[in-house]
Amino acid sequence: VVYTQSEILQREVYLFERLDSPNREPMKHLKAICFLRPTKENVELLVQELRRPKYSIYFIYFSNVISKSDVKALAEADEQEVVAEVQEFYGDYIAVNPHVFSLNLLGCCRGRSWDPAQLTRTTQGLTALLLSLKKCPMIRYQLSSEPAKRLAECVKQVITKEYELFDFRRTEVPPLLLILDRSDDAITPLLNQWTYQAMVHELLGINNNRIDLSRVPGISKDLREVVLSAENDEFYANNMYLNFAEIGTNIKNLMEDFQRRKPKEQQKLESIADMKAFVENYPQFKKMSGTVSKHVTVVGELSRLVAERNLLEVSEVEQELACQNDHSSALQSVRRLLQSPRVSELDAARLVMLYALRYERHGSSGLPALLEELRGRGGSDRYRKLVSAVVEYGGKRARGSDLFSPKDAVAITKQFLKGLKGIENVYTQHQPLLQETLDQLIKGKLKDSQYPYLGPNTLRDRPQDIIVFLIGGATYEEALAVFNLNRSNPGVRIVLGGTTIHNTRR
């Protein structure tokens, strides 16, 4: 995710092997750089390797803190003295965007409590992040969530135990780690998205910056899997947070620019200078050609899916469910779409889930009828079970916050005015709960009674360095909110992390 293979090749690294791959050939003329998580399995594999080394010399880097006993085991195995150095290089997480990271974990909790192995992994991921950013933070967590409190305590334990590692130069305002629980906002991961990155993840799925396009009708072989990374794709970096309509325009401009730069087919290469110019410009042209065909394919496939699954209409109703408070209109809209053959089973289930989360306690709830209709569509009970599971996970009983109604008169007026203005875009009215939480935090108004500090100390000043972590996964809609908050609050830096990055399927 961090480095492309061609970049590594430029550093004269020519061979990539996994430590656990069998039948590697001995190559005594090569030096080996090992980069590993300090797990029991990896240490064991390294011990085996060092007993019968295949390379001349080893530089070993661990992505997190390694115990003294493990280092001792390695030293004892290194009878041939091939290890040149052992270092900790903290990178025990996946950097997804410049301000977003993930741990690639699915299903971190069982019911309302942590899966013990996942709690350990999450603690390691978070502490490695803090070490790599050189932060020793104060910690706040969501009081209504037992997992949030447990994780906060585990991170604190590591900081206390490894106090020498966390002894960074103190900043005027200490950094803050805020730990939240996905179940407080189960709405956000269920909505269709209309900004480029979020939309690609929702409709095609992004996995470690890779997108699987093998299902696209008539796809060419070299586009079956493409990489979208803001690090080395300028078009993506400039467009990832823009709305779909703008991307259409920008792709058109990209195409036109490309057409202009095309080397003329009939170009006469008469002099050495002509040839030289052609050869110099060709790699640039080749790279641009790759970028163009990639994005045209991705955007084309997104458009096809939007039309095929009738997503504009579906999304409008989703936004109505998430943002308006008009039960009878919402119920009619959901019913209408459930009867449409163009709406896929996933989208039908998604609408019923959103309805269930929004109106679970409404006096004249139409949920039983909607569930029957969902069953009549595909005949499978799977989605019905999922609807009740989602409500159990993120319904009113599970939430610590008031997800739907604005707290005060000002907010209610704002919402009303926003409704009158005929929102700039009916498909992007929704703002994730995280936006409001962080807004309150930046203004110093986030209630200690709902988000207490761990330990006796509290921040007297407004926070400047904020790391917010979502147990149960973050979304690209929240990444967009954080990107905008960073832009509109100079002097405040927010990093968002999650156990995974969700879309509806996940």
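Predicted model: local features only at pLDDT ≥ 70, side-chain atom pairs only at ≥ 80, totals over all residues.
View 1. A disulfide is a covalent bond between the sulfur atoms of two cysteines. For Cys154, the closest cysteine sulfur belongs to Cys109 and lies 12 Å away, too far for a bond. Cys154 is buried because its relative accessibility is 12%, and Cys34 is buried at 11%. Buried stands for under 20% relative accessible area, exposed for over 50%, and partly exposed for values in between (1.4 Å probe, protein chains only).

View 2. Strands β2 (residues 57–62) and β3 (residues 83–88) pair in the parallel sense over 5 bridges; pairing requires at least two DSSP bridges between two strands. Phe59 has Glu85 of β3 as its bridge partner. Together with helix α3 (residues 68–77), β2 and β3 make a right-handed β-α-β unit. Right-handed means that, with the strands pointing away from the viewer, the path from the first strand over the helix to the second runs clockwise. Helices (H or I, at least four residues) and strands (E, at least two) are DSSP runs, numbered from the N terminus.

View 3. Leu269 sits in the loop between α8 (244–261) and α9 (272–308). Leu269 counts as partly exposed because its relative accessibility is 37%.

**Notes.** Residues are numbered from 1 along each chain as its sequence is written. Local features need pLDDT of at least 70 and side-chain atom pairs pLDDT 80 or more, while totals for chains, interfaces and linings use all residues, and side-chain values use heavy atoms, without hydrogens and water.

Terms used: Disulfide = S-S within 2.5 Å.
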